[in-house]
Amino acid sequence: MVLLALLIAALARGGGHGPGRSSTATGAGAQRTAGPRLSAIQQQALTERAENNAIDRVLAYTPAITHGADRGNEVALTFDDGPGPYTERLVEVLNRLHVKATFFAIGEEERYFSGGTLLELRSGDVVGDHTETHPMMASLSRHDQHEELFEQIARIELLGGPRPRLFRPPYGSFNATTFEQLHAMHLLMVLWSTDTADYTLPGVRAIVERALAGAHPGAIILMHDAGGNRAETIAALPAIIAGLRKRGLRPVTIPRLMLDDPPPPGLPIPTSLAGD
């Protein structure tokens, strides 16, 4: 009888937690295990959602950016005019150095070099819109500007990539019509704070020096992965990334920069860099 009484008392204590306490314990356990149970795909989806929300927040106060804020330690490496015959080699270097970047791709180049864009997507890089045929946007009609933007977006989606949220104008050319189209498509225009002019083939050392000279928290550094011989750019990347890290700067994508260190509201809207 004594043993039976002790057993009943023990069972009563074990089941005697109120509903709120039991539920809290279960919830805490769920929180502790929620992270590890998320698959890589789920983690990526959560990250993309947070970064898209960050882009929306920036779009709420400006249609275009040239840099992030200077409060953090992040810089964005960006590459234009791809994909091309050098793109896959360039992405492989970034992967080896554990760096993710933003690529502004030309739609018509996907017909020949889509393997480069597919590797970017698999690597976790971000692919933005650099138009379908790389025209001077300010010289085009409203209809033609729309087509240049939309056709490139369609090509990236057909490759299985997420709908681009970022746009970089070829030659830095844009006008009020461009802003109208970007607003309709929920695209943020991304210009740059540092131009390495790597397309002029100035030599590896010059590309490295120009990139690091303009490197500061919030900087957006412009380079190219196509549009010509990009062997110099590829060769410069390890020294650029090492130099950034030596200064305590971390290379990230544009969406990540917008999430962690977006530009403050109230900055003047950039004007066309092409003089039109």
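Predicted model: local features only at pLDDT ≥ 70, side-chain atom pairs only at ≥ 80, totals over all residues.
Visitor: How many helices and strands does the chain have?
Guide: The chain has ten helices and nine strands. Both are DSSP runs numbered from the N terminus: helices are H or I with at least four residues, strands are E with at least two.

Visitor: What share of the chain is buried?
Guide: Of the 276 residues, 46% count as buried. Buried means under 20% relative accessible area, exposed means over 50%, and partly exposed is in between, using a 1.4 Å probe and protein chains only.

Visitor: And what share of the contacts is between residues 24 or more positions apart?
Guide: Such pairs make up 79% of the contacts in the chain with a separation of 6 or more. A contact means heavy atoms within 4.5 Å.

Visitor: Let's look at α8. Which of its residues are buried?
Guide: In helix α8, residues 204-213, the buried ones are A206, I207, V208, A211 and L212. The elements covering them include β7 (194-195), β8 (220-224) and α9 (231-246).

Visitor: At what angle do α8 and α9 pack?
Guide: The angle is about 40 degrees, and the axes are 8 Å apart. Axes here are lines fitted to C-alpha atoms, for helices over the stretch in contact, and angles run from 0 to 180 degrees between N-to-C directions.

Visitor: Which residues meet there?
Guide: From α8 there are V204, I207, V208, A211 and L212. From α9 there are E232, T233, A235, A236, A239, I240, G243 and L244. By class, this contact has ten nonpolar, two polar and one charged residues. Ala, Val, Leu, Ile, Met, Phe, Trp, Tyr, Cys and Pro count as nonpolar, Asp, Glu, Lys and Arg as charged, and the others, Gly among them, as polar.

Visitor: What about α6 and α7, how do they pack?
Guide: Helix α6 (residues 142-158) and helix α7 (residues 176-185) pack at about 40 degrees, with axes 10 Å apart. That makes them oblique to each other. Angles under 35 degrees count as roughly parallel, over 145 as roughly antiparallel, 65 to 115 as roughly perpendicular, and the rest as oblique.

Visitor: Left-handed or right-handed crossing for α6 and α7?
Guide: Right-handed. A crossing is right-handed if the near helix is turned clockwise from the far one by less than a right angle, and left-handed if anticlockwise. The crossing of α8 and α9 is also right-handed.

Visitor: Which residues of α6 and α7 meet?
Guide: R142, Q145, H146, L149, F150 and I153 in α6 meet T177, T178, E180, Q181, L182 and M185 in α7. These divide into five nonpolar, five polar and two charged.

Visitor: New topic. Where is T253, and is it buried or exposed?
Guide: T253 lies in the loop between β9 (250-252) and α10 (254-260). T253 counts as buried because its relative accessibility is 6%.

Visitor: What does T253 touch?
Guide: Leaving aside neighbours within four places in sequence, T253 is in contact with E51, A76, K100, A101, T102 and V126. A polar atom of the T253 side chain also lies 3.2 Å from the backbone nitrogen of R256.

Visitor: Where is the cis peptide bond?
Guide: A cis peptide bond joins G82 and P83, with omega about -5 degrees. P83 is in the loop between β2 (74-82) and α4 (87-96).

Visitor: Which residues other than glycine have a positive phi?
Guide: H98 is one of them, with phi near 60 degrees. H98 sits in the loop between α4 and β3 (102-105), and at 71% relative accessibility H98 counts as exposed. Another is A197, with phi near 50 degrees. A197 is in the loop between β7 and α8, and at 15% relative accessibility A197 counts as buried.

Visitor: Last one: how far apart are I220 and S193?
Guide: They are 27 residues apart along the chain, and their C-alpha atoms are separated by 5.3 Å. I220 lies in strand β8 and is buried, with a relative accessible area of 0%.

Key: Residues numbered from 1 in each chain as written. Heavy atoms only, no water. Polar contact = N/O pair within 3.5 Å; in protein donor to acceptor, adjacent residues only side chain to side chain.
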